[in-house]
Structure formats: C-alpha cells, structure tokens
Amino acid sequence: MKHSFTTGTCSRRDVLRTGVFSAIGLVVGGQALADSDSSVAGTAASGLPPSAGPLRSAGVLAFGPENVLFVGDIKGAAVHAFALRETDLTSQTDVHLGNFHNFEGSNLVTGLDQKLAGLFGTTYDKIVVKDMVVHQPSQQIFISVERGRGPDAVPAIVKVNHGNIEVLELEGIPHSQTPIPNEPDEKAMLEFEPQRIYAITDIKYYNGEIFVTGVSNQRFASTLHRIPYPFNSKSATCTVEMWHPVHGEFETRAPIIRQLIREVHGEPYLFAVYGCTPLVRFPLASLKDGAHVRGDTIGELGYGSNPLDMLTFSDPFDQKEYLLVTIDVRSASRIAITDLDSAQPEPTGGPIDFGPGGLGRTQRDLPLRAEHTAILNPKWAAIIWRHPKTSYRLDVSSIMVPYFFERKDGMSEMNWPDGPDPFDYRHHRDG
C-alpha cells in the first residue's frame, strides 16, 4: 500500500532558518507504534506507513552505483545499503522547477513537516528531518526522517513524487548492511549532548568503497572507516586529526562533519569540513587501517558556526566547478575547485586566530540559508528551508545554480511593477 500526501507546486517565497527538526509515526519490525505521543490519538491506528525494515534509526544518506541508497543508522551501529528497484523510483525530470532567468524557484513541497505530521499521525514539532539526497538520474528527492527524539524515535525514508510525500517501503527492497564498530556508549556525554549522535556524521561512496566519518569510543575519537561495497568482512579504520587555527590546537576528538573526495593531479584526496569550519585535506593513500593521520588545514571558513552540507557544482556561465559549503548561522561559502588543488597548508603551532585563513580569505559568500541542500541538475538545486515569518513552516524548494538566490525573498526596486529591469526580468516573465 502506498502512503502519500499531496501538495501543489507553486512559486517559492520562503527563507530557511536553522534547526530543522521533525517526527514520524511508523510500524517498525511488524510491531505497532507505541502510543507515547498523546497527539497521535485515533489517527495513527489506520494511517501508519509500512515497516521501516531493518532500520533502527535514519540519519545521513548517500547514493552509490546502480541505484544503491546508503543510510546511516546510529542506533543500529550500521550502514545499510538498499538496492532500489525501478518500482522504487519515479522520474521527476518533468517537474517545473521555476524561472531560471528570473532567479525564481518553485515550492516542491509546502509545509513539509506539517504534511509529514498529518501523514504519520503526530504534530509537526515531533518531526525530525535528518538528511536529504537526490537520485541524480531521476532527480527524485529522498529524505530521512524520525518520529520523536531520543532512543525511542522511529525512522523512515520518504520521497517526493510530483508534489506528493511518499514513504519508501523498505521491506522487500534488496538489502545489505555493515557494522560500524566502537560507537560511543549511549550514556557517554559531551559537555552539552550525547556523544553517540556524532557516531555517523557522513557517508560518501567512491571507487568501490564507502567512507564513513564520526566519533568512536577510542582515545582518539575522530574516526574514518573505509568499507568495500558490496559489503564483506573487510574494512579499514583510522583516526584523523587536524590543526584548528581558531582554537590554536591540534584536535583528535572533533569529527569530520562533511566530506567529499576529489582527484588532485591524478591522486585522490578526501576534503573534510569540521565544526567551527576548518577545511582539511587528507590523501586517500594515507587513510589506512590502524593509521593515525594528520590532515592539512587549507582553509578556515569562519568561527562559531557548523557546516550543514558540502557539495560541488558547475557554474553554467563560466563553465568552472566549485565547492559549496552550507553553514548554519551565516552565508554559504563558495570556493573554486582549482583552488583546492593548489591550496597550501595553514601554518601549525601558532596562537588562536579568529580571522579567515587560507581558502577562507578567497571564499565567496552566497546568500543561501538552507538546512539541507542537494543538486538536482546543472541549473537547479533542491533545498529544505523555513519560512522567515511562520517559523513552523518547512518547505522543499528549488533554487537556481550557481547563485543560490531567490529574488522574491528580498525587497528591491526591481520588484516594483514599473521599476527598473536591468536584467530583462519581465521579458522572461513566463520563461
């Protein structure tokens, strides 16, 4: 049985704020959802989605080859691989994404958290949206969500289908999984929150392996796992550290938050961004089983902030490729890929330096405030963001690449009906 919630596609007018949280009511492992939420009332009994399959929690997402969807499962101490079938995917290439010339995107889902709450029989404040990924061939958006917070949260994967929200029915999808060893004890704390929530911070597929970052229960907690896919009994685990200029120290516990892998002069490197946003480079050849690896800090993007997503895109105007790091409390950072190739390591051992360093001095700020960002196609990205005045409203929208800017969100002379039109907007009104 398919479960969905229909929403129209319309012009987007909303700006994201940070801190996207949501919840979901599912049947897990064939058991009925425990009635721990009084707001579920009678609606949950008849409208619950199908089983979450082997998932015990739903976190970071990534796609690999042949339609394989990887899901980080912190509660289950595992990464799952679901080999999606043709019936699990629906092409979205015919969806209207907006007016590219006029910097005008479209709402793909309006009020995402409220619609999830209605679909799963709870309230919007119980919906936790964890991650978003796009299946590039079909341009279909997949979102990991949980109903509730803490150890009793119930997981699910949902997808967007022509304005509908549908649950991905995990039961029956070809599946495999691999354990993530040495997760922190569930009672182990950081100063303000449990250590375990950082056990799996990111997953990336590259050349027959997945790279899984996070923290472990070991002395050098910041950990990276290299795991062959298809999964077998082999894996390589190393610990990683970096020099953090804003803190004026080497750090071995703070985990990589986001990562990507690029070749530089024919050799693959892992580029990582941490909390408080140092940008660090690791040669893949050094990331061996049992190694302790110190990366080169090549940029300090800003202090007092946390990265949300790290991705690359091609600018359709200058035909160059760029790195994009979205950040929770300030503008996103754009850095030319060619600069990653030539960036020199920042000096180590110096005093605390709050100024931008390395590539932080050459980054370009983009006015993108989104909790989750993913590339749809060469001209458009998908974002999950919040309305600036009605903070309860969470939308999935399209936004133009390479500017990541929505003209309607600001107030300018050009928005007046008889105002100036330097970019020939009105000529392209229906373009």
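Gly 121 follows helix α2 and has a positive phi, near 70 degrees. Helices here are DSSP runs of H or I with at least four residues, strands are E runs of at least two, and both are numbered from the N terminus. The model is predicted: local features need pLDDT of at least 70, side-chain atom pairs count only at pLDDT 80 or more, and totals for chains, interfaces and linings use all residues. Residues are numbered from 1 along each chain as its sequence is written, and side-chain values use heavy atoms, with hydrogens and water left out.

Helix α2 covers residues 112–120. It is largely enclosed by the rest of the structure, because 7 of its 9 residues are buried. Buried means under 20% relative accessible area, exposed means over 50%, and partly exposed lies in between (1.4 Å probe, protein chains only). The buried residues of α2 are Leu 112, Asp 113, Lys 115, Leu 116, Ala 117, Leu 119 and Phe 120.

## The chain as a whole

The protein chain has 3 helices and 30 strands. Of its 431 residues, 55% are buried. The chain exposes about 18700 Å², and carbon and sulfur atoms supply 51% of that area. Accessible areas come from the Shrake-Rupley method with a 1.4 Å probe; for residues, only the protein chains shown count as cover.

Contact means heavy atoms within 4.5 Å. Among contacts with a separation of 6 or more, 61% are between residues 24 or more positions apart.

Thr 373 is found in strand β28, residues 372–377. It counts as buried because its relative accessibility is 4%. Leaving aside neighbours within four places in sequence, Thr 373 is in contact with Met 132, Asp 309, Leu 311, Thr 326, Leu 368, Ala 382 and Ile 383.

Trp 380 lies in strand β29, residues 380–386. At 7% relative accessibility, Trp 380 is therefore buried too. Ile 399 is 19 residues from Trp 380 along the chain, and their C-alpha atoms are separated by 5.7 Å.

Asn 232 sits in the loop between β15 and β16 (236–244). Its relative accessibility is 42%, so it counts as partly exposed. A polar atom of the Asn 232 side chain lies 2.7 Å from the backbone nitrogen of Lys 234.

## Cavities and a pocket

A cavity is a set of points where a 1.4 Å probe fits but cannot get out. A pocket is an open set with protein on both sides within 12 Å along at least five of seven lines. Lining residues have an atom within 4 Å of a point. Grid points are joined across faces, edges and corners, and a volume is the space filled by probe spheres set on the points.

The whole structure holds 2 cavities of 30 Å³ or more.

| Space | Volume |
|---|---|
| Largest cavity | about 110 Å³ |
| Second largest cavity | about 30 Å³ |
| Second largest pocket | about 840 Å³ |

For the lining classes, Ala, Val, Leu, Ile, Met, Phe, Trp, Tyr, Cys and Pro count as nonpolar, Asp, Glu, Lys and Arg as charged, and the others, Gly among them, as polar.

The largest cavity is lined by 11 residues. Gln 92, Val 95, Leu 108, Ile 141 and Val 160 lie nearest its centre. Its lining has 6 nonpolar, 5 polar and no charged residues.

The lining of the second largest cavity has 4 nonpolar, 5 polar and 1 charged residues. Among them are Ile 180, Glu 183 and His 225. Strands β14 (209–215) and β15 (222–228) each supply at least two residues. The largest share, 3 residues, comes from β14.

The second largest pocket has 30 lining residues, with Val 133, Gln 136, Lys 204, Met 310 and Leu 311 nearest its centre. They divide into 17 nonpolar, 6 polar and 7 charged. Strand β8 (127–135) is one of those that supply at least two residues each, and β8 gives the most, with 5 residues. Strand β28 also supplies at least two residues of this lining.

Notes:
1 Å grid on protein atoms, 1.4 Å probe; cavity = no way out; pocket = protein on both sides within 12 Å on 5 of 7 lines; lining within 4 Å. Polar contact = N/O pair within 3.5 Å; in protein donor to acceptor, adjacent residues only side chain to side chain.
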